[in-house]
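Keep the viewer open as you read.

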Amino acid sequence: MPENLTVSILIGLCVFYLLVMLLNVGFVAYQHHVRKDRMQVMLWSAVAGLFLIHSIIYGWAAFRLSAAESRVTKAEDELRQKLDGQGGQGAEEARETLKEAQESLEKTRGSLDWMVMPHFLRDFVDWLMGPVTYFVLSVVLFLIFLRFRAFLVDPIVSWAFLSFGLLFSGWAVTDPNFRLIVTKEDNVPIVLLIFTVGFFTWLAFRKGVLNDARLAKGEPPAEKLEEEKVLVWPDLVYTELIAMIVMTFVLVIWAVLLKAPLEQPATSAKAPNPSKAPWYFLGLQEMLVYYDPWMAGVVLPTFIVIGLISLPYIDFNQKGNGYFTFAQRKFAVTTFLFGFVVLWCTLIVLGTFLRGPNWNFFGPFENWDPHKVLPLNNVNLSDWFWLTFGVVFEEGKGWYIRELPGIILVLAYLFLLPPLLAKTIMRPFFIKMGFIRFFLLVNLLQFMAALPIKMVLRWTINLKYIVYIPEFFFNI
Amino acid sequence: MAATDQTYRNQRWLDIVFGVTCVLMLVSVVWMFWQDYSREFKVEQRDFRDVEAAVAERQMLKLVPDQKQMEEIDEQERLLAYVRRERDEAAERLSDELKKALTERTKAAAKAQELKAEYDSVVSLYNIAVEERDAETVPSRQKTLTERAAATGQRLSRLKEDLDDKNRKLEAANQEYEAVKAKKKGLEDAVSMNEDLLKKKTADFDRFAKLAYQKQWKFGDTFRTLPVLDAFSSPVRIQQYTLGDLPIDYNFKFVTRYDRCTTCHLGFDRPTYSKADLRGLGQEASEQLMAWLDQETARIEAAKRVEDLDAAGRPMPEELTGQPLAGEVVRVRNARKMLKKRELILAGSEKEKAALKPGNITLTSVKLGQARISEFAAHPRLDLFVAADSKHPSEKFGCTICHSGQGSATEFNPASHSPNDTPERNRWMSAHHWEPNHFWDFPMLPKRFLESGCVKCHYQVTDLLPDGNRTEIQDNQKIDAPGAKVVEGFNLVRENGCFGCHEIPGIKSGRWVGPDMRLEPTPPLDDLSPVDRLKATSDPLNPPGGFRKVGPSLRRLSEKTNENWVWRWIRAPREFRPSTRMPHFYGLSNNNEAALDRDQKDFPDAEIHAVTHYLLSESKSWLKGQDKFRVDNLARQKELQAKQKEKPLNEQEKKELEEATRRIEQSPVPKPLDEILKTMPPEPKDEKAKTEHLKHGRQLFSEKGCLACHQHVGITKPGLDLPAINSHQHFGPDLSRVADKLGTQPGDKASARRWLAQWIMDPKIHSPRTYMPVTHLSLEETTAIADWLLSQESKPVEGPPPMNLEALRNLARISLEKSMSRQDAAQLLDSQGLPHEQAELLRQQRPDADELKLEVPPNETWEDHLKWYVGKKAIGAYGCFGCHDIPGFETAKPIGTPLNDWGKKDADRLAFENVTAYVRDHYHFVPLRDDPKDPRKPDQDWVFKTEGDQTKAPYEQFFADALEHHQREGFLNQKLAEPRSFDFARLRTWDDRLRMPQFRFSRKPTPDERAHLSNEEKARIEGDEAQVERDEAEAREAVMTFILSLVAEPIPQDIVYNPTKDRLAQIKGHQVLDKFNCAGCHQIHSGDYEFKTNPSLLKDLEERYKDVTSSTNLTFANDMPFPNHNAWVGATPPADRVILHGLPVSEDPTAQKMVVRLTQASRFNGGDNKPLDIPAAEDIEMPTGQLSVRQDPRGGTFTELMVPYLIERKAHNAEDNPKARSALPPPLLREGERAQPDWLFGFLRNPIPIRSQHTVDENGTEKGVMILRMPRFSLSEDDAMALVNYFSAVDRASNPGVKLDYPYIAVKEREDDFLARKSQEYIARLSEAQIKERLQRMQPVWDRMLEEQMGDLTEKIAAAEKAAKAAQGDDKKTADTRLANLREQLKNVQGEAGRKDKEGKFFKAQQEDWKKNAYALDAFRLLGNYNLCLKCHPVGRLDVDEAIGPRLDLAPSRLRPDWTQRWIASPQRLLIYPVGQHPMPQPFGRQKLEYQEIFAGASLEQATAVRDVLMNLHQVADMPANRLYHPEGAK
């Protein structure tokens, strides 16, 4: 078991909260100088004060703990010297001192226990982060976000969310298991990803919401107010140069601070557990839970690429060029964000932080115990279907009959659903896009939907495969 | 909107941002460089440079010339100055001369050259002229041409003369020049020669002076180590070994090993970097000292001429001289002085001058912390490791092959350093932020497990420590020799029989990768026919195992003991006998009261009942030939044979039939004990006889060698008129309670007596593979011993609690449900028996199924059958057959995990389960186990601690951490300590629980078990609770070291330790010695004592040498010059050591002195480096403070135990120590040199008495010497051969000079004509008078021969007369002729005897014969002389009353000729036992010429003659002249 709190963690948290405090001080300054909103200034000053208090508390704790620890080290050295010295004179005394120092260290450690995030909260988060709730929650949050975007992207609200998130992250780090996984060198990009994706989504929506309001009032979008052309030098190249330098700086610092570990050569006899893909492929790896490798690793990625290539040909909506908007491109933005943020990014986060040994699900505060076993009682559609009718197939025989229900279902999904959609809810699309473009769009959407559909089926009825033909290694 | 010049962003802001980012980037780059500059190894290397400089300086100071050397150097310098002056003086003159000569030479050469050109030209002209003349046909023209040619010819001859002249002149000039040049060179040579001589005297000093200078930081070095610049030709760089031959094995992938450890461990191969030396670098001289030095230096610096230097300076004030470093400071002064002087005198290169500047010597202090000292220090034992001439040069082996760890790393943590204990771990954590490295599977071995690395190459394991108990001494502290721990672990694994369950095959995919520890096949190879044995051993890649099961056979258990005892024993063996090796299976953490569910509470007891029943009932059946195995096989054989008659069998069936037949043949029906031993001697009736009988038993038990392996509390106090004797041996079981366990019924004395008497007589009947030997005792004797042992009853064994039948049924159900449906099982149990039809069905499917035994025949009880079934299942589950031979488990396979590569088992695959919680609950953690002051004692914190109502045992924090971090060490430690604790708080069905039993490797019971012991038994356990737990932890650690060493890594053949023939023989022999506890009786190895020399020690030794070898010392004066008696013939011993091979006679710890009696001559360097030899058998007193290695003698424990006992008992012929010793097992020192191999082989397999055995006749007269006899061990041929080779190999290795052959030898003394040749030489040596005298002396013998002949003939005649009477016809005729012949012969003989002058044909023939055999005849008379050999040794037919020596007729086959000769000539040099065994006198001293009338010759010749005759004793003794020789004193 790793220790709850160490000196370095306490110092780290002290610095972290200090930085967050500074962030809030900056926000206060912004409110004061730019917005001149006294109410907000008061509010955020209080928040900054809260962070300062945190910082001070952690700093003080760090000081106490390190003092206690160094007392023990000193006592140990003393004892060793006494033992090495002539005839062990004074060793008894030194031993006593050491014992006292050790006891006081234990006491100090004990007195810091209250600073660790309370267990009920950790248990709750662990529960919340179960695979089903996690995905459903992310979808629901996504929908809520779309629905209440106007409110949520307001800077004050967003800042409040951010501050709360940072406060919570700081607390969470007091848990050793969470710390272990979040501070792992390999996972730093993912932590960055959470914030950058969040920030840019917020930015786009914030501008979109403002523009939508303007458009609703009949005004042109904000972007149209600005000049259309800027100078290559200095406006483009200079900023690019600066960006380049900043990037280099960041990378160098990153490399200096987080050193790559010296590992041993790969061995065929021992695979790391969990074996994880590079972080940007963790979304794909998550698909492997639900689909066969050829499907998750070949077919679906191919469709993603095809989909991305064919975007310009499918997109018939002429609006929204050169400015941010949501209202005018509801379908496009929603579809893209669902695919990118929900199906790609959240799955990466899930794969990184919540998938542990044996690819089992672990809450963020749960210990990654390789011996955890979860039941895997998934059933194939054919088994379920035929068993209800009391029919049992001999192994390896009559797969075409056995798998008929699944095949029909898949074929229906692929070929029956598009015309149905064209007739019903997607009729406007069909009219605007024509036969080929429409079918392409719908098929792409169908492949995108295949993953959540399969997930839901797995969670609800433990469905393993819809079509299961091991004779040809063909499973869907 | 139109484009404007307006920029989008504020330029000023952008510039500021740009500026800031640039600064940031610069900072990051600088940071990066700084990081690189401060990489750990760079810091270490930079710091090390200062250390190097300081060490070189100290080294240089050590080499500062002393007064005598200084004088020599002065002398040399004066000489050099002289030759230089001479050279310089001559230089000018010579250079003038040289110049002149050179001019002359050049001139002469030019002239000669000129003339030569002209001459060449004229030669060509002449040739042309001649050709033209000869081609011309016109006569007139021809004439002209002829004249012209002649003229040219004349000119040519003139020129030739001129040229010769010039050439002569040139040569003269040349010679002149060379002569001058040589003169000059001679002067130069003298100078350089003298320079060289001077250099030689100061070279070492100069070398270190230069090194010290080189290692100082100079501008160039500092510059090259600057950040960034250090990428190019920097003095700091990564050092690495590339080990292509020793790749890292990643399962089918081999990755080259790169070891960069030496990047930081920089002093690892330099002997001068000892820890003490490095610590010394931190010392600083006081200010006053430095002030004095400064003054002196100023004076030295000011010197302009050499003479100035010699003027006396200011002496060091007296109060400073006692200060630390005062001596060093004086040296610094001297060194500076010397360098200054050399600067003044010597002119070397500028660089050299700079290096030798006086100011360079500064006495810098470099303070190093403990960590740095360990880091920079030299590797321990450079004679064994690292050094290029050691056995493990680092170039070839690298570091990680032994130490493990990540060799490529150049930082502390990634290198995977492993702390040795908790304090060290804490230090590392604060100094290096140390944490376990999860990126490397094989972290460095912590020091305590370091020896695990050895077994990778040392497959025999014991080869690491072939001599058993070597102790090395470092800084006056004893340390274990390298390898001691892993060897101890190996021995513990061997003794405790771990391999019975866990196979250690040592072979992986067809090659050897580790030690081979496997059970021998059943039946053992020894019992197989030669053909079968050959078959079994035919596959070299899968040879049969060689380890016997460690427990006794249980086949005859029912004859030995009873249910009560078996039940109690299985329940808790250590409660019955605390020191037993048998582990505990019950009452452990997963099956004790507390751990079991309510419905399982009675399971253990019921299971023990079942096992007990199985063992006893199956043993009974086996004795009747009705055990299940046999019955099944017989049935199968019968079935198949019947089938064979009807139709041919298929392959499978044929094999089965063969197998069944083989099995039946190999297990014949045994004879029960009461048939083997039909009658027993009756127990004495009356009290007195009974006491006498018991006394006899106790005496036999004490004296007949039992105590070499066993102990018994009953003889630790005097009793029955016998003194106390207390053995501490525990090779065999402690017999104190043996009476409590015997008897087929509790308290049944008769059966106990019968069994015990038989067992002592021949234990092989009960347990064929026991190590206990056949004792050669008579039934009366063994009965006496048995009766005494049985009279020592201590406390009877309690009967077992009644069995819970329900529990038994439930246990049966668990097994049954595995082989049949639940329903069937339930039905079977309900109906109390296997229904008939089900049985029939089962018999069809599995004819040997155990369930069939549940079919209960009418007259037997269901309960017994159920017990049988459950018992068999339990035995199978616990693997009891891994240690015991149990009927019914003939074909069972080991049940445990093979340990072949456990040492590298992936820790992820170990089931740690909830053991950390268990350990936290049951123990309290202690940082250190051993007291740092005395490692054999527990640390102060290592105590049992009571918290509330729970007493917690101490547990080393180190292992608790290892458990926490899921490391192999943690798992293994806990597995060995409490094997079942991994089941803690786990849901387990009964048969799913862990089954490994709990061993106690130190053979001391656990605290819980101690509670059940009597006070007396407790008192016999050494040490208090804490000590016991510490000892156990230490023993466990040894076992762990061995198990962790099993990594099955294929190492290339040329790196694997491949012992020489001698060494291998020693190793193998040692294993056999250990196996049979030979050292229990015999002393096997003398001690080795290595002393560091110093002048006073050498002087003392030289005194001793003079003393020993003085002419007044008769022993030495009478010595014969034999190698290894009085001269050393081994390898030349190292110059700085004196090595003594011998036995410690006495040791006085307060005076730090010890006396060693040499078993071999010892060589040391006397004055003037002359090697001197002190002969063997001398006592030498040595100071123990100088000891560097000591290996005390090994073995002979029983003898040491018996000597005081025998003296106290006033045993016959044992009144003093030497005599008592000669009654006891002899030491086997130099046995190989003594015994002939084939004799020894035969003797080991079937020992015969050599010396007279002690006997008492009816009158109570005691006779003979030996109180016991070598018993007969069940040595296999291989074992016996190994021992024979061992003895020869040991003596060959330690005495190469004696040149032993083995395994077979040829005795050249036994060649056909050997004695005849010797006789010729002998006769030639004798004078006429001597011959005459000898012939005369032979006369009575010849007379007797004649008499004998006459007697013979008379007898024959009588017989012939009878025959003639009875014969008929032709036969009668023949008989008559024969009778007449005989009468004729008798007449002749009588005639010869009647002659006074004794000159007849017979005597003539005898005289001739004598001449042929004179050598043998005379020498035989030496043997037969009562004052010589015959006094103590029976010589064949010639016997004596008090024969205390061995029979000499064994000698020809037993003794090696060379040894025999040495022995006879100088026995005192071979009499090397501690206080002297019964001494054999020296019959033929070099200085005393005796017995000339018997055998004429020098003493050595006499001794040789005796030897020659001994080698041919049977043949010589049978010579008629010897047969009738009856010397005085013979019986």
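What follows goes from ground rules to one chain as a whole, then to a few local spots.

## Ground rules

This is a predicted model, so local features need pLDDT of at least 70 and side-chain atom pairs count only at pLDDT 80 or more, while totals for chains, interfaces and linings use all residues. Residues are numbered from 1 along each chain as its sequence is written, chains are lettered from A and ligands numbered from 1 in the order in which they are written, and side-chain values use heavy atoms, with hydrogens and water left out.

## Chain A overall

Chain A has 18 helices and 2 strands (DSSP runs numbered from the N terminus: H or I of at least four residues for helices, E of at least two for strands). Its radius of gyration is 29 Å, well over the 23 Å that the globule rule gives for 476 residues, so chain A is more spread out than a compact globule. That radius is taken over C-alpha atoms, and the rule is 2.2 Å times the number of residues to the power 0.38. Along the principal axes, the C-alpha atoms of chain A fill a box of roughly 95 × 70 × 40 Å.

Of the 476 residues in chain A, 38% are buried (under 20% relative accessible area; exposed is over 50% and partly exposed in between, with a 1.4 Å probe and protein chains only).

Two cis peptide bonds are worth a look. One joins Trp233(A) and Pro234(A), with omega about 5°, and Pro234(A) sits in helix α11 (residues 232-257) of chain A. Another links Thr522(B) to Pro523(B), with omega about -10°; here the proline is in the loop between β8 (511-512) and α17 (530-536) of chain B.

Then there are positive phi angles at residues other than glycine. Asn462(A) has a phi of about 55° and is partly exposed at 35% relative accessible area. Arg1003(B) has a phi of about 60°, but Arg1003(B) is buried at 11%.

Where is Asn437(B)? Look in the loop between α15 (422-432) and β5 (470-474) of chain B. Asn437(B) is buried, at 17% relative accessible area. Its side chain reaches the backbone nitrogen of Phe439(B) at 2.9 Å, and a polar atom of that side chain lies 3.2 Å from the backbone oxygen of Pro414(B).

Glu703(B) belongs to helix α25 (residues 687-703) of chain B and is buried too, at 5% relative accessibility. Leaving out residues up to four places away in sequence, Glu703(B) touches several residues, including Phe1198(B), Tyr1205(B), Arg1209(B) and Leu1268(B) (contact means heavy atoms within 4.5 Å). Glu703(B) and Leu1268(B) are 565 residues apart in sequence, yet their C-alpha atoms are 7.2 Å apart.

## A helix pair in chain B

Two packed helices are described by the angle between their axes and the distance between the axes. Helices α29 (residues 805-819) and α30 (residues 822-830) of chain B pack at about 145°, with axes 9 Å apart (lines fitted to C-alpha atoms over the stretch in contact, with angles from 0 to 180 degrees between N-to-C directions). Among the residues that meet are Leu816(B) and Glu817(B) from α29(B), and Arg822(B) and Leu829(B) from α30(B). By class, this contact has 6 nonpolar, no polar and 5 charged residues (Ala, Val, Leu, Ile, Met, Phe, Trp, Tyr, Cys and Pro are nonpolar, Asp, Glu, Lys and Arg charged, and the others, Gly among them, polar).

Terms used: A polar contact is a pair of N or O atoms within 3.5 Å; within protein, one must be able to donate a hydrogen and the other to accept it, and residues adjacent in sequence count only if both atoms are side-chain atoms.
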